[in-house]
Amino acid sequence: MNLWGKSIQVAATYIGTVVGAGFASGQEILAFFTSYGHAGTIGILGATALFVWLGYKMMLLAHQMRTPSYESFNLQLFGPVVGRTMNMLVFLTLFGVTTVMLAGAGSLLEEQFHIPYVAGTVATLFFALLILRKGLDRLLVVNALVVPSMLLFAILILLEGTADSPLPLAAPDHYIFLWKTILYVSFNLAMAQSVLIPIGYAIRERAILFRAAVIGGVVLGFMLLVVHTAMLANWDDVRFMDIPILFVTDQWNEWLQLFFVFVLYSEIFTTLISNVFGIGQQLRELFSIPESRIYLFLFLTAFALCLIGYSQLLMFLYPLFGYLGLTTLCRIVFPPRRPGWP
């Protein structure tokens, strides 16, 4: 495969890791950008630039330091004491998000297709395990197939999602939207490090990493901007909805609504497998256990937690992970000075 083809694969994996259920539902975008009116558009442009710059810098650091997982990456960035604390927090939150994504997949299949919750969760688990057993290459392929569907969904919103509803006019006080933009990027990149770091380690050509960061960041920015614009145009109708993008898709025909369900499931699924892959890379460094057994253990544990209810813990972990991400990003921007590091 040529450099551009590999770059697009890596970019698709970057996009697929960042774009989760919160993105697809529109809730994240409304909370971080649309609620600030047109100032949110400026925030999205800033987020796009940060996704390009910091995504590339993270992969490049992993490439330079030869760190195959966020475990070794954080140990080198922060030192042994702080690094281990960071790794434990990352592990807990990634696993929490993994559990919620698995539960979300089961709930979506039950709601839309009347598949029993347990059966849908087990089917998702089995499918994810098959893909992860094939390693990083198969993860790249899956994202390369799914991300074009996400992009097509964004284009459909662009074409169908406008209305004549009034736009929010209130300006944010003290430029708080800029702080929200930084928090949004820090949270998502902290999540994405579980995949970006192994990719930076595995890819030998810097040109691939740079192109992937540019393509990934720009496409993420485009998708953010499209959903944000559609919700701005329908502000009075969407601002109190749990899944605001439903106001737009409810106006579509049956087939397009089915396509939305497919995109939502795909975004849940790509986040799920990306998180488990990143956790597996960390555990492989700590224990001499085959990857397939590590993945099976992680999925079975997540499945058990899905049955007893685990989502409340995530309400505490999400804010924590946002500030954890700020710590990581500051260290990426100002890494310790060592020969050969960017």
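**Exercise 1. Find which ring the charged end of Arg211 sits over.**

Solution. Step 1: apply the criterion, by which a charge sits over a ring if NZ of Lys or CZ of Arg is within 6 Å of the ring centre and within 35 degrees of the ring normal. Step 2: the charged end of Arg211 meets it over the ring of Trp4, 4.3 Å from the centre of that ring. Step 3: a second case is Lys180, whose charged end sits over the ring of Phe32, 5.7 Å from its centre.

A note on the model: it is predicted, so local features need pLDDT of at least 70 and side-chain atom pairs count only at pLDDT 80 or more, while totals for chains, interfaces and linings use all residues. Residues are numbered from 1 along each chain as its sequence is written, and side-chain values use heavy atoms, with hydrogens and water left out.

**Exercise 2. Classify the ring pair of Phe51 and Tyr184, then that of Tyr265 and Phe269.**

Solution. Step 1: rings of Phe, Tyr and Trp (its six-membered ring) pair if their centres lie within 6.5 Å; planes under 30 degrees apart count as stacked, over 60 as edge-to-face and the rest as tilted. The structure holds 10 aromatic pairs. Step 2: the ring centres of Phe51 and Tyr184 are 6.2 Å apart and the planes stand at 80°, so this pair is edge-to-face. It links distant parts of the chain, as Phe51 lies in helix H4 and Tyr184 in helix H9 (residues 176–202), 133 residues apart. Both Phe51 and Tyr184 are buried (under 20% relative accessible area; exposed is over 50%, partly exposed in between, with a 1.4 Å probe and protein chains only). Step 3: for Tyr265 and Phe269 the centres are 6.2 Å apart and the planes at 15°, so the pair is stacked. These two residues are 4 apart in helix H13 (residues 254–286), and therefore separated by about one helical turn. Step 4: ring pairs also join Phe51 and Tyr184 with Tyr14, Phe32 and Phe33 in a cluster.

**Exercise 3. Compare the span of helix H4 with the expected one.**

Solution. Step 1: helices (H or I, at least four residues) are DSSP runs, numbered from the N terminus. The expected span is 1.5 Å times one less than the number of residues. Step 2: H4 (residues 39–65) has 27 residues and reaches 38 Å from its first C-alpha to its last, close to the expected 39 Å. Arg66, which follows H4, has a positive phi, near 60°.

**Exercise 4. Identify the salt bridge partner of Arg284.**

Solution. Step 1: a salt bridge is a side-chain nitrogen of Lys or Arg within 4 Å of a carboxyl oxygen of Asp or Glu. The structure holds 1. Step 2: the partner is Glu291, with the closest N and O atoms 3.1 Å apart. Step 3: Arg284 has 42% relative accessibility and so counts as partly exposed; Glu291, at 23%, is also partly exposed.

**Exercise 5. List polar contacts of the Thr17 side chain.**

Solution. Step 1: a polar contact is a pair of N or O atoms within 3.5 Å; within protein, one must be able to donate a hydrogen and the other to accept it, and residues adjacent in sequence count only if both atoms are side-chain atoms. Step 2: a polar atom of the Thr17 side chain lies 2.7 Å from the backbone oxygen of Thr13. Step 3: a contact of 3.2 Å joins the side chains of Thr17 and Ser274. Thr17 is in helix H1 (residues 3–18).
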